[in-house]
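Please view the sequence and the model before reading on.

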Amino acid sequence: MLTLPDIRPIETSTPTQPPALPLPGVSREVDLVISAMEAGGHCQPNRRGQQRNSWRVQATVRLFVDQASRSARTIFTRDIHSRGLGFVTPERLPLGYGGMIDLPAKDGTIVSVACTVLRCRLATPGWYEGLVYFNREQSSVERWVG
């Protein structure tokens, strides 16, 4: 009979964040796109000097340039910090435009934040990855995320 060796977790000196859970009611495709980006090294190392928190939720963005009849654009967040957040979306967002992003907080409320689209580029066929910058620092991010 074959016996397997004991497998023990590797201990590190820096705490790791738990993996983000799949979003309820959201296609597994979104989770796969984000996971593939992270595994493939598409996500750059943190050069901002601010701690980014992994945070996967569905949010909406309404750009000031959008016509009133246009519905809000759906994005799926990857990570967040006090100055902005990373996201993926099936729709390319125009760069440099300002707008409002509506984010679901952990207590169930919706937080609206003024933002600007800084990056939105093709990540994989049918999916774009990007960054929105909050126009003002959001010191309460930790309370939203949990």
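**Side-chain contacts in the predicted model**

A network of salt bridges links Arg78, Asp79, Arg119, Arg121 and Glu129. The model is predicted. In the whole structure, a search finds seven salt bridges, and the structure also holds two aromatic pairs.

**Salt bridges around Glu129**
- Arg119 and Glu129 meet through their side chains in a salt bridge of 3.1 Å, N to O.
- Arg119 belongs to strand E6 and Glu129 to strand E7, so this pair ties together parts 10 residues apart in sequence.
- Glu129 also forms a salt bridge with Arg121, with the closest N and O atoms 2.5 Å apart.
- Glu129 is buried, at a relative accessible area of 1%, whereas Arg119 is partly exposed at 25% and Arg121 is partly exposed at 37%.

**Salt bridge between Glu91 and Arg70**
- In the salt bridge of Glu91 with Arg70, the closest N and O atoms are 2.2 Å apart.
- Glu91 lies in the loop between strands E4 and E5, and Arg70 in the loop between strands E2 and E3, so the pair ties together parts 21 residues apart in sequence.
- Glu91 is partly exposed at 26% relative accessibility, and Arg70 is partly exposed at 27%.

**Aromatic pair**
- The ring centres of Phe134 and Trp144 are 6.5 Å apart and the planes stand at 70 degrees, so the pair is edge-to-face.
- Phe134 is in strand E7 and Trp144 in helix H2, 10 residues apart.
- Both Phe134 and Trp144 are buried.

**Asp107**
- Asp107 lies in the loop between strands E5 and E6 and is exposed, at 58% relative accessibility.
- The side chains of Asp107 and Thr109 are joined by a polar contact of 2.7 Å.

Terms used. Residues are numbered from 1 along each chain as its sequence is written. This is a predicted model: local features need pLDDT of at least 70, side-chain atom pairs count only at pLDDT 80 or more; totals for chains, interfaces and linings use all residues. Side-chain values use heavy atoms; hydrogens and water are left out. Helices (H or I, at least four residues) and strands (E, at least two) are DSSP runs, numbered from the N terminus. Buried means under 20% relative accessible area, exposed over 50%, partly exposed in between (1.4 Å probe, protein chains only). A polar contact is a pair of N or O atoms within 3.5 Å; within protein, one must be able to donate a hydrogen and the other to accept it, and residues adjacent in sequence count only if both atoms are side-chain atoms. Rings of Phe, Tyr and Trp (its six-membered ring) pair if their centres lie within 6.5 Å; planes under 30 degrees apart count as stacked, over 60 as edge-to-face and the rest as tilted. A salt bridge is a side-chain nitrogen of Lys or Arg within 4 Å of a carboxyl oxygen of Asp or Glu.
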